[in-house]
Amino acid sequence: MSSKTKITVAYGDGIGPEIMEATLKILEAAGAQLEYDVIEIGEQVYLKGISSGMEPQAFESLKETKVFLKAPITTPQGGGFKSLNVTTRTSFGLFANVRPCKAYSPYIKTHYPETDLVIIRENEEDLYAGIEHRQTQEVVQSLKLISKPGSEKIIRYAFEYARKYGRKKVTCMTKDNIMKLADGLFHKTFDAVAKEYPDIQTDHKIIDIGSALIAERPQTFDVIVTLNLYGDIISDIAAQVTGSVGLGGSANVGEEVAMFEAIHGSAPDIAGMDMANPSGLLNGAISMLVHIGQPAVAEKVANAWMRTLEDGIHTGDIYQEGKSKEKVGTQAFAQAVIERIGQKPINMKPAVFDKSSTDPISIKLSPAVKAEKKLIGVDVFVDWDEDRRDPNALGDALRKADADGLVLQLITNRGIKVYPGGMKETFCTDHWRCRFQKSDQSPVTHSQILDLMNQVAGLGFDFIKSENLYSFDGVRAYSLSQGE
Ligand code: NAD
C-alpha cells in the first residue's frame with residue numbers, strides 16, 4: 001500500500017462541514033491514502049479581526065502540504081474583509097482556475113445534453129488585484145493590470161491541458177475591440193502561442209457574444225481560456241446551463257500549490273439541514289486525487305458517483321419528479337456513492353484516469369525580449385470643478401504650462417476628447433485627463449515632467465495622478481482618446 005499524502009483541509013462555513021464530511025467519507029471508502037491537516041478559515045477567523053480570513057498557521061500548513069481541499073466559506077457583510085480565495089490564489093501563485101462544466105443528461109435536467117467544456121480562467125491579475133482609489137468627489141478608479149508572462153502562462157496551460165486530456169479546440173475570449181492594449185496583449189499572446197500547437201483548433205470570441213453563445217450553444221465549446229473577470233462570469237453561466245451549480249468542482253493550480261473546491265458558496269439558507277449536494281466538492285476532490293497521484297481512487301469515486309446519479313438517487317437540488325427514484329439528504333447521498341464503489345455508470349461514459357493523467361502540466365515561458373522604451377509625454381489627471389466645467393477654461397489655463405516645449409495637446413473627460421474642439425453636449429465629470437507632449441512627439445525627460453507638474457500645481461490645479469506616455473520600439477504604447 002502506498003504511503004499517505006498529507007493534505008490541508010478546511011471545513012468552511014454554512015453547508016461546508018456537511019459536504020466536507022460526506023466527501024471525506026467517500027474518499028476514505030474508496031481507499032484514498034490521505035492524512036489531514038485541518039485548518040480553520042472563514043467567518044469565525046474574519047470575525048476575530050483577521051482581514052484575510054486565514055490565520056498564519058493556515059498559511060504554514062499550505063506551505064507544507066501544498067494541497068488544499070477547501071469547503072466554501074461565508075464572507076461577512078461589510079467592508080474591510082479581503083477575499084480569502086483571492087488571497088490564497090495570489091499568495092501561492094495559483095495562476096490557473098480550471099472549471100469543467102459537463103451535462104449529465106438525462107439524469108440531471110439540462111437543455112444542452114452535449115455540453116462538455118472546460119473554462120481555464122486566469123487567476124491572479126486583471127481587476128482582481130483590487131487596486132482602487134477615489135480620486136475626486138465624483139470618480140473612483142479600479143486598475144486593470146495584465147502582464148505578458150501572466151497571459152502567456154495561462155494560455156500555455158490551456159493548450160497543454162487540451163493536449164493532455166485529448167481536447168480538440170481552445171477558444172480565447174477577450175474584449176480587445178475596446179481594451180486594445182490590455183485585452184489586446186492577451187489576444188496577441190494567444191495567437192503567438194497557438195502557432196506552437198498546430199494539432200489544436202483555435203478560435204477567438206469577443207466576450208459578450210462568447211457569453212451569449214455559452215448560454216445558448218455550450219456544446220460548441222471545448223476549452224475556453226480567458227481573463228480573470230470574464231472567466232469568473234462565464235464559469236457561472238456555463239455551470240448554470242449544464243444544470244449543475246451544485247455539481248461543479250474547480251481546481252486552482254499553481255507551480256507548487258493547488259487548491260480544490262466546489263464552485264458554489266456556503267449556502268447559508270440550507271446549512272445544517274442535511275440537504276446540500278456534496279457533488280461539487282466531491283468533483284473538486286476527484287481532481288485533487290489525480291493531482292496527488294492517486295488516479296485509480298479518483299476513477300473509482302467518479303464512476304461510483306456517476307452510477308449513483310444514473311440510479312436516480314438525488315439530492316433535492318437535482319431531484320426530478322417522475323425521473324429520479326429517491327430524494328436523499330447529504331449523508332445518505334454519500335452512503336449511496338459508497339455502496340457503488342467498484343461499479344461503473346451503465347449509460348454515461350465511465351471516467352478513466354490513468355497514470356498519465358497525473359503528470360503535472362509544466363509551463364515554460366518564452367524568453368523575454370526587451371523593447372526600446374522611450375518617454376514621449378505625460379497624461380496629468382486633475383480634479384477640477386470650476387467655471388461650469390467648461391473644458392475651454394481648463395485648457396486655456398493649462399496652456400500656460402510649458403516645460404521645454406512639453407505643452408498641453410488635448411484634454412479628455414472619461415476618455416472623450418473635450419479640448420480643443422469638444423462638443424458642448426458631452427457630459428463632463430470633475431476628473432480630467434490632460435495630455436502633454438512636445439509638438440513633434442520627441443522624447444521628454446523625467447525632470448521636464450517634474451517641472452511641468454510643478455507648473456500645473458503653481459497654476460492652482462489639484463493634480464491627482466500622472467501616467468507617463470511611452471513608445472516601445474517606436475510603437476505608441478498608450479491608447480488614443482475617443483475623438484483624437
Ligand atoms: P451559494 O452558492 O452559497 O448559494 C446559491 C444558491 O444555491 C442557494 O439557494 C443555495 O441553497 C444553493 N446551493 C449552493 N450550493 C448548493 C449545494 N451544494 N446543494 C444544494 N444547493 C446549493 O451563493 P450565495 O448565496 O450567493 O453565497 C453564500 C455565501 O457563500 C456568501 O457569503 C458568499 O460570499 C459565499 N461564497 C463562497 C464561495 C467560496 O468559498 N468559494 C464561493 C461563492 C460564494
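Which residues in helix 1 meet which residues in helix 11? This is a predicted model, where local features need pLDDT of at least 70, side-chain atom pairs count only at pLDDT 80 or more, and totals for chains, interfaces and linings use all residues. Residues are numbered from 1 along each chain as its sequence is written, and side-chain values use heavy atoms, with hydrogens and water left out.

**View 1. Helix 1 against helix 11.** From helix 1, Glu18, Ile19, Glu21, Ala22, Lys25, Ile26 and Ala29 meet Thr330, Gln331, Ala334, Val337 and Ile338 of helix 11 (contact means heavy atoms within 4.5 Å). Sorted by type, the residues of this contact are 7 nonpolar, 2 polar and 3 charged (Ala, Val, Leu, Ile, Met, Phe, Trp, Tyr, Cys and Pro count as nonpolar, Asp, Glu, Lys and Arg as charged, and the others, Gly among them, as polar). Helices here are DSSP runs (H or I, at least four residues), as are strands (E, at least two), numbered from the N terminus.

**View 2. Helix 5 packing on helix 6.** Helix 5 (residues 148-164) and helix 6 (residues 182-194) pack at about 45 degrees, with axes 9 Å apart. That makes helix 5 oblique to helix 6. The contact has 8 nonpolar, 2 polar and 3 charged residues.

**View 3. Around the ligand.** Of the 18 residues around the ligand, Gly265, Ser266, Ala267, Asp269 and Asn277 come nearest (a residue counts as near with a heavy atom within 4 Å). A backbone N or O atom of serine 266 sits 3.0 Å from a ligand oxygen atom. For histidine 264, a side-chain N or O atom is 3.1 Å from a nitrogen atom of the ligand.

**View 4. Two cis prolines.** The serine 105 to proline 106 peptide bond is cis, with omega near 0 degrees, and proline 106 is in the loop between strand 4 (96-102) and strand 5 (116-122). The bond from tyrosine 419 to proline 420 is cis too, with omega near -10 degrees.

How values were computed
Axes fitted to C-alpha atoms, helices over the stretch in contact; angles between N-to-C directions. Parallel < 35°, antiparallel > 145°, perpendicular 65-115°, else oblique. Polar contact = N/O pair within 3.5 Å; in protein donor to acceptor, adjacent residues only side chain to side chain.
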